[in-house]
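Take a look at the structure below.

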Amino acid sequence: MSEEKKVIIRRLNAAKDLGKFMADYYYELDAASKSGKQKIAWCTSVGPAEILRGMGYLIYFPETHSAMLGSTRMATDLIPKANAMGYSPEICSYLTADIGAFLENVTPLANIFKGIESIPRPDVLVYNTNQCRDVQDWFNWYAKRFNVPVVGIETYRNVPEVTPVHITSISRQMENIVQPLEDVAGRKLDMDEFKNAVALSRECSNLWDKCLAAAAARPSPLTFFDGTTLMGPAVVGRGTQKAIDVYQLLLEELNERVAAGEGAIEDERYRLYWDGMPVWGRLSMHSKLFAGLQANVIASTYCSSWIFSALDAGNPFESMARAYTELFIVRSDAYKEKYIQDKLAFFQCDGIIYHDAKTCPNNTNCRYGMAQRLEKTTGIPSLTIHGDLNDLRLLSDEQTKTNVEAFIEQLEENGKAA
Amino acid sequence: MKTQEGKRLYIGVDVGASRTKAVVMDAHKNLLGREVRPSGTDFGEASRRCLANALHMAGADESHIARTVSTGYGRKNVAYSDDTRTEIGCHAKGCYFYFPKAITIIDIGGQDNKIIKLDEAGRRLGFKMNRKCAAGTGAFLEEMSPRLDIPLEDMDRLARQSEDMVKLGSFCTVFSATEVLQNIRQGRKVADIVKGLFFSVIKRVSEMDSLSENVVMTGGVVAHNPFLVRMMEEIIGRSILVPDYPQLTGAVGAALYAIENSS
């Protein structure tokens, strides 16, 4: 239990390739923003990116920017700027941090990528409320600020089973945004480019799925904390060949690790599942905390949110509608419970960590008794930690640490070690 | 440390946010010495002084120590400790030692509360700590004591005198203080307000989780305010188990871990 013990976490070489991917991605956006030669669309993280690719847009994802504000620990100082103009401290801290950063004219991109001074300017904004309703307010605010159009897709919530009614509605909404997007793009949707983007997204999704599934090996070659940064290309690079290329490298390395029996942490004894958002400003701390207790958080709901197995280039609109409605976050509690239950079995987990993120109810699944129900069904114990994705004022590190240590002690004493 | 022949002692130290507790036990799990001191700002010094006094009470010195386990928020600050365990684990261990059956432990500490559930074999089924809020902890009573201009140690006596308890509605310590001021303005008796504060503490704690048949209450707040136990018994409608030294169960649990892991 000693915290002085040296913690060994083995980094993946492919992380460098993924880092270069992200750098190239932001430099391309920056160049387009400065030159105005290529149109830029802002899109929600699970928005209809493939349609935008079919019209030649470069795509910027504000949610990824907000995650960077969190991981660089800039967010906590910026959130109050948005609070002061009327956004409650209790709503999405991605929204408040991002708008706060905009008001203060700061961005982590400027600190990380030399030569980039600001976020790219949008020509249009496109949201999908499948993640939450907050994105709608967030994008509408920027649309007014930049005086550019905003279009959106309103997704169903609490969906038990995706039916033809859902598919028809969402695919129609997707078809309906084509015209306004063509008007901004100054060109027609190229169906071949669009279908190609859907095919590439599907391939990227398949590879990312395989990368995450590699964590089922004992010991796991991957940690959830690695996954939260490695998933960057699956979010921002959907519909591009480059994202596929980096995930092929990552998958090769993970498979090599599995073949060699090399784990991401030393002496993996406990295998845990993480439900909810990461605490972006504490990724490193949490990673070391668990690894120091010989516990590996090997799988998560969050990182799996960018797997779109329904995408089909032969039927692009309807398959996108299905893929973006099948998502965990859109579904009913009964579906979610079964989903987590299956994941626990597949990854052979000894316990679950629920992150109750104060400002993200949509990504928090332990508020309506699910933790207790799943514990009863599976016999797998759980721990809830209270925190937030971006607002570090909403967490207590000492309480988190004591809770996690006590949970691992509980697993140890009850003989739950792998 | 070397031990003198025939006398191997085991130390449990619980460095809490408010108080540091130390116990001395022998290999047969007899409690030979104990001490409680304010944790202050130097946890290392508080734990050293606690140890010295507990050893003195046990008629022993450091040369008799076979093993020490520390727990509590300051567990990593105890220089002479051989190992650390969390306060959740130690309270569970300590309570099961006194009451070896399926129990729900309610521990009310200076800055945190815990609910811990054990099965009949002493296995931990789960636990909960209070969130980032001091409502229902000793800190709440410490905050209210100067506002009512009464010493902390008089609260238990006053609460027992109440005939018409004041009910406080707020979750928040600061807002509760506003409610208390309002009741003072309205001329409510101090004893009735104090009982209301006690009720607020046990309400907050009992709302954290469901309780099983056998309930154990521990912690410094319980040790110094036994009327809280009686009030909780009235709420749940059955007797509550309280160990001899409710403030020491964490330290006792740590000492028991020291005994278990000494071989």
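B:Gly109 is in contact with B:Thr137, B:Gly138 and B:Val221, leaving aside its neighbours within four places in sequence. This comes from a predicted model. Read each point below with the structure in view.

**Around B:Gly109**

- B:Gly109 sits in a loop of chain B, between strand S6 (103-108) and strand S7 (113-118).
- Is B:Gly109 buried or exposed? Its relative accessibility is 13%, so B:Gly109 counts as buried, the cut-off being under 20%.
- B:Gly109 and B:Gly16 are 93 residues apart along the chain. Their C-alpha atoms are separated by 8.0 Å.

**Around B:Asn183**

- B:Asn183 belongs to helix H5 (residues 173-185) of chain B.
- B:Asn183 has a relative accessible area of 10% and is buried.
- Which residues does B:Asn183 contact, beyond neighbours within four places in sequence? They are B:Val166, B:Leu168, B:Arg188 and B:Ile193.

- The size of an interface is often given as the accessible area lost when the parts come together.
- Here chain B and chain A bury about 1,900 Å² between them. Carbon and sulfur atoms hold 44% of that area.
- How many residues take part in the contact? Chain B gives 21 residues and chain A gives 24 residues.
- There are 6 salt bridges across the interface of chain B and chain A. A salt bridge also joins the side chains of A:Glu409 and B:Arg124, at 3.4 Å from N to O.
- Between chain B and chain A, 7 residue pairs are in polar contact, with both residues at pLDDT 80 or more.
- On the side of chain B that touches chain A, helix H2 (87-98) and strand S8 (124-129) of chain B each supply at least two residues.
- S8(B) gives the largest share of that side, 6 residues.
- Sorted by class, the side of chain B that touches chain A has 10 charged, 6 nonpolar and 5 polar residues.

**Aromatic rings**

- Over all chains, the structure holds 26 aromatic pairs.
- Why is the pair of B:Phe97 and B:Tyr98 edge-to-face? The planes of the two rings stand at 70°, and the cut-off for edge-to-face is over 60 degrees. The ring centres are 5.1 Å apart.
- B:Phe97 is partly exposed, with a relative accessible area of 30%. B:Tyr98 also counts as partly exposed, at 25% relative accessibility.
- One aromatic cluster in chain A is formed by A:Trp42, A:Tyr60, A:Phe102, A:Trp141, A:Tyr142 and A:Phe146.

**Helix H14 of chain A**

- Helix H14 of chain A covers residues 283-292. Its buried residues are A:Leu283, A:His286, A:Ser287, A:Leu289, A:Phe290 and A:Ala291.
- An α-helix has 3.6 residues a turn, so residues three or four places apart point the same way.
- What covers the buried residues of H14(A)? The cover includes helix H11 (224-230) and helix H18 (397-413) of chain A. It also includes strand S5 (270-275), strand S6 (295-300) and strand S7 (351-357) of chain A.

**Around A:Ser304**

- Where is A:Ser304 found? It is in the loop between S6 and helix H15 (316-325) of chain A.
- A:Ser304 counts as buried, at 11% relative accessibility.
- Not counting residues up to four places away in sequence, A:Ser304 touches A:Leu212, A:Tyr339 and A:Lys343.

**Backbone details in chain A**

- A:Arg218 and A:Pro219 are joined by a cis peptide bond, with omega about -5°.
- A:Pro219 lies in the loop between helix H10 (191-213) and H11 of chain A.
- A:Asn158 is not a glycine, yet its phi is positive, about 55°. The loop that holds A:Asn158 runs between strand S4 (150-153) and helix H8 (164-176) of chain A.
- A:Asp267 is another residue other than glycine with a positive phi, near 55°. A:Asp267 is in the loop between helix H13 (241-260) and S5 of chain A.

Key:
Residues numbered from 1 in each chain as written. Chains lettered and ligands numbered in written order. Heavy atoms only, no water. Contact = heavy atoms within 4.5 Å. Buried area = accessible area lost by both parts, 1.4 Å probe. Salt bridge = Lys/Arg side-chain N within 4 Å of Asp/Glu carboxyl O. Polar contact = N/O pair within 3.5 Å; in protein donor to acceptor, adjacent residues only side chain to side chain. Helix = DSSP H or I, 4+ residues; strand = E, 2+ residues; numbered from the N terminus. Nonpolar A, V, L, I, M, F, W, Y, C, P; charged D, E, K, R; others polar. Phe/Tyr/Trp six-rings, centres within 6.5 Å; stacked < 30°, edge-to-face > 60°. Buried < 20%, exposed > 50% of the residue type's maximum accessible area, 1.4 Å probe, protein only.
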